[in-house]
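Subject: Structure handover

Hello,

Here is the structure you asked to see. My notes on what was found in it follow below.

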Amino acid sequence: MDMKKRIHLELRNRTPSDVKELVLDNCRSNEGKIEGLTDEFEELEFLSTINVGLTTVAHLPKLNKLKKLELSDNRISGGLEVLAAKCPNLTHLNLSGNKIKDLSTIEPLKELGTLKSLDLFNCEVTNLNEYRDNVFKLLPQLTYLDGYDKDDKEAPDSDNEVYAEGLDDDEDDEDDEEEYDEDTAPGDEEEEEGEDDEEENEEEDDDDLSGEEEEDEDLNDREVDDEDDEEEERGETMNCNKILNMYAALSKTRSVKFLESEHNFVCIIFP
C-alpha cells in the first residue's frame, strides 16, 4: 500500500487537523519521498514512518507541534537540516537503521534546541571512536543518546514516552465527555426517574388489584362453606325424621327401646 492510501485509511473519516498521532509504518513511499502528508496536520505530535523506504525528509511538511519523529529502518543518509525548519519543537528523533556514516550528517540537528533524545542504533556512525562523547559535544541539548544519558543511565519510560502523555490526557478527556453524555445528561436522568415512578405506580396498582381479588376469593370461599353447612344440616334432619318414623312403626309390633347419644341415635329391638 502506498503512503497516500495509508494516510487516507488512518484518517478514519477525521480531518487532518484532528489527528495527533499518525503511524505509517511499512507502507511504500514514492521514490523515497514523503507524500500525502500536508501542513493541514497542524495538531500532529507523533509521526512514525518506520521501514517505508525513505531516502530523504525534504518533503516533510511544516509540523510545528510535532514532538516525536520515528524514521528508523529507512535509507536516509543526509538532508537533516530541514528538520529545524519543519519541526522546530521536536524532542525525540529516531534515526536507527539508516545510512548515517559520520558526525557531519547529524550536525544540523544542533539547530533543534528542544531535541532531548536521539537514537542512532545500527547506523555506521556508532562505530566511530568516542562516538557517544563526540555526539554529546556536538549536540549539547541532548539528554539521551540511544536510550542512555552521559553517565550511561538508562532513560526512564516517562522520558521515552513523553510524547504520549498529551495523547493519553486527550483520550481521557474524550472518555470523560462520553461518560458525561451517556450517564449524567440531566434530561435523560429526569426521563429515567419519570419512567421509574410510572413503573412503581403500576406495581402498586397491580398489588391493589391482587389484594381485591384475594378478598373476593375469600368471600366466595366463605359463601361456599356456608352452603355446604346448610346442606349437611338438612341431610341430618332428614335422617332423624326417617329414624323416628321407623321407630314408630316398629314399636307397634315389638318392644323397641330408642336411645339418643350425643351424636348418634341407637335403636334396640327386643324379640
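Which residue does E10 form a salt bridge with, and how far apart are the closest N and O atoms? The partner is R12, and the closest N and O atoms are 3.6 Å apart. A salt bridge here is a side-chain nitrogen of Lys or Arg within 4 Å of a carboxyl oxygen of Asp or Glu.

Before the rest, two notes on the source. This is a predicted model, in which local features need pLDDT of at least 70 and side-chain atom pairs count only at pLDDT 80 or more, while totals for chains, interfaces and linings use all residues. Residues are numbered from 1 along each chain as its sequence is written, and side-chain values use heavy atoms, with hydrogens and water left out.

Salt bridges

The whole structure holds 6 salt bridges. E10 also pairs with R6, with the closest N and O atoms 3.1 Å apart. R6 and E10 both belong to helix α1 (residues 3-11) and are 4 residues apart, about one turn of the helix. E10 counts as buried because its relative accessibility is 16%, whereas R12 counts as exposed because its value is 55%. The shared partners join R6, E10 and R12 into one network. Buried means under 20% relative accessible area, exposed means over 50%, and partly exposed lies in between (1.4 Å probe, protein chains only). R6 is buried as well.

Another of the salt bridges links the side chains of K68 and E70, at 3.5 Å from N to O. Both K68 and E70 are buried.

Fold

The protein has 7 helices and 8 strands; these are DSSP runs numbered from the N terminus (helices H or I, at least four residues; strands E, at least two). An open sheet is built from 6 strands in the order β1-β2-β3-β4-β5-β6, with parallel pairing. β1 (21-23) and β6 (144-145) stand at its edges with a single partner strand each, so one side of each has no neighbour in the sheet. Two strands pair if DSSP finds at least two bridges between them. Strands β4 (residues 92-94) and β5 (residues 117-119) run parallel and are joined by 3 bridges; N94 has D119 in β5 as its bridge partner.

Whole protein

Of the 271 residues, 29% are buried. Among contacts (heavy atoms within 4.5 Å) with a separation of 6 or more, 49% are between residues 24 or more positions apart.

Regards
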